[in-house]
Amino acid sequence: MSHLVLVRYGEIGLKGQNRRLFEEQLARNIHEALGPQLPNRVRRAYGRLFVELEREEDVGAALNRLRQVFGVVGASPALKVPLDIEAIKDAALRLVRDKAASGPLTFRVDARRPNKSFPLTSQQINETVGTHLLRNMPNLQVQLKGSQLVVAIEVREHAAYVYSDQVPGPGGLPVGASSRALLLLSGGIDSPVAGWMALKRGIRLEAVHFHSPPFTSERSLAKVEDLSKVLARWGGVVRLHVVHFTEIQTELRRRCPHDLMITLMRRFMLRIAESLARQVGALALVTGESVGQVASQTLESMASINAVTCMPILRPLVGFDKQEIVARAQEIGTYPISIRPYEDCCTLFVPEHPATRPTIAEAEEAERALDVQGLVERALAGIQTRVVGPEEPV
Ligand code: ATP
Ligand code: MG
């Protein structure tokens, strides 16, 4: 016998072909997220997914893992029984027995009957099962609104399912349902959260990190790798591309006005990220920028930085306050890693008085002193890629 977890998903507005792709992607992602440690099969059935686990003792771990699979709205351990009201009554009783053992409990039965050939209507099932539970469990009391326990019953074509507890999932779209994007991942608090938000909309991610040895250390790289591991728990394996940025930063410092350093560095990051994105088939860039945080995040500054690329840039944090970003980082598990000390290639080269309103013309003028194309090409040629898989939660 297999042990079942019933999975509900959202985005029910999706229709036809889109809906089927969504369901297939979600089924694959669930299967992969549970992995060989929790041997499982995932079946699709009319607006639900059923995860069949080989071992009963895996149910708890599976429910926990499903909290991190985008597309999942809720998951419940379920009992599968034959299409027979006596079997349904027994299962419902088995389900509530432990819960109602310790004290009074309000409950209601919520039956659905997609299988119209079943002899009882939903209402009749509710009443029959409710009466059976009341008769056997003196602690129970019916309450139709706001009850502590909902005993859900679904009567389907070949079997009926009885379940109660629901573990909430993260919602969103299954990763892979949308195309690929490239995340500019620093070691800070914001960009990992931005990456998570992109994953939540079903976008598959690769990541690029700019580092400047010897000014930035191996420790900084390890940090970015650890952040990628957390993202991989949510979105599957992350390919992390590391760009050596030292030559560009040194050249900028030697030849360009210091107050434009940040603008010029960011312009190079975007040029390199855009080329890399095309190489790996990513259609957009994702950054952790939000408006107004720092000098480089005024709209004027964004305009001068953005001017070097025509690739869409997603900035999922644009509507967030810093506290909201921090709270999200804590929820998803990136925060403790992000606050580890590290040297950021940008802050190290930050001038005392960065220009807050650099114009495109000023940036272009400053870049005349540089071999822009050569610098970009050499940086691209030196990229090192690591494949980062998920790790146990932090
Ligand atoms: P974060 O917390 O993500 O570092 P931030 O608030 O410090 O963001 P900035 O330093 O202005 O903001 O960086 C803006 C965005 O530029 C970052 O969110 C990230 O997407 C990208 N970025 C900055 N530094 C790097 C880097 N070394 N490698 C890759 N991307 C970077
Ligand atoms: Mg930063």
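A polar contact is a pair of N or O atoms within 3.5 Å. In this predicted model, Asp 190 meets that criterion with ligand 1: an N or O atom of the Asp 190 side chain lies 2.5 Å from an oxygen atom of the ligand. The side chain of Ser 186 also places an N or O atom 2.4 Å from a ligand oxygen. Phe 210 contributes through its backbone, with an N or O atom 3.0 Å from a nitrogen atom of ligand 1. On its own, ligand 1 has 570 Å² of accessible area, and the protein covers 91% of that area.

The shell around ligand 1 comprises 22 residues. Leu 184, Ser 186, Asp 190, Ser 191 and Arg 266 are the closest. By class, 9 residues of the shell are nonpolar, 9 are polar and 4 are charged. Helix H5, strand S11 (204–211) and helix H8 (261–280) each supply at least two shell residues. Strand S11 gives the most, with 3 residues.

Helix H5 (residues 190–200) also packs against helix H10 (residues 322–332). The two axes come within 9 Å and cross at roughly 70°. This angle falls in the range from 65 to 115 degrees, so H5 and H10 are roughly perpendicular to each other. On the H5 side, the contact is made by Asp 190, Pro 192, Val 193, Trp 196 and Met 197. H10 contributes Lys 322, Ile 325, Arg 328, Ala 329 and Ile 332. The contact of H5 with H10 has 7 nonpolar and 3 charged residues, with no polar ones.

Conventions:
Residues numbered from 1 in each chain as written. Chains lettered and ligands numbered in written order. Predicted model: local features only at pLDDT ≥ 70, side-chain atom pairs only at ≥ 80, totals over all residues. Heavy atoms only, no water. Axes fitted to C-alpha atoms, helices over the stretch in contact; angles between N-to-C directions. Helix = DSSP H or I, 4+ residues; strand = E, 2+ residues; numbered from the N terminus. Parallel < 35°, antiparallel > 145°, perpendicular 65-115°, else oblique. Contact = heavy atoms within 4.5 Å. Nonpolar A, V, L, I, M, F, W, Y, C, P; charged D, E, K, R; others polar. Near = heavy atom within 4 Å. Polar contact = N/O pair within 3.5 Å; in protein donor to acceptor, adjacent residues only side chain to side chain. Areas by Shrake-Rupley, 256 points an atom, 1.4 Å probe, with all protein chains shown as cover.
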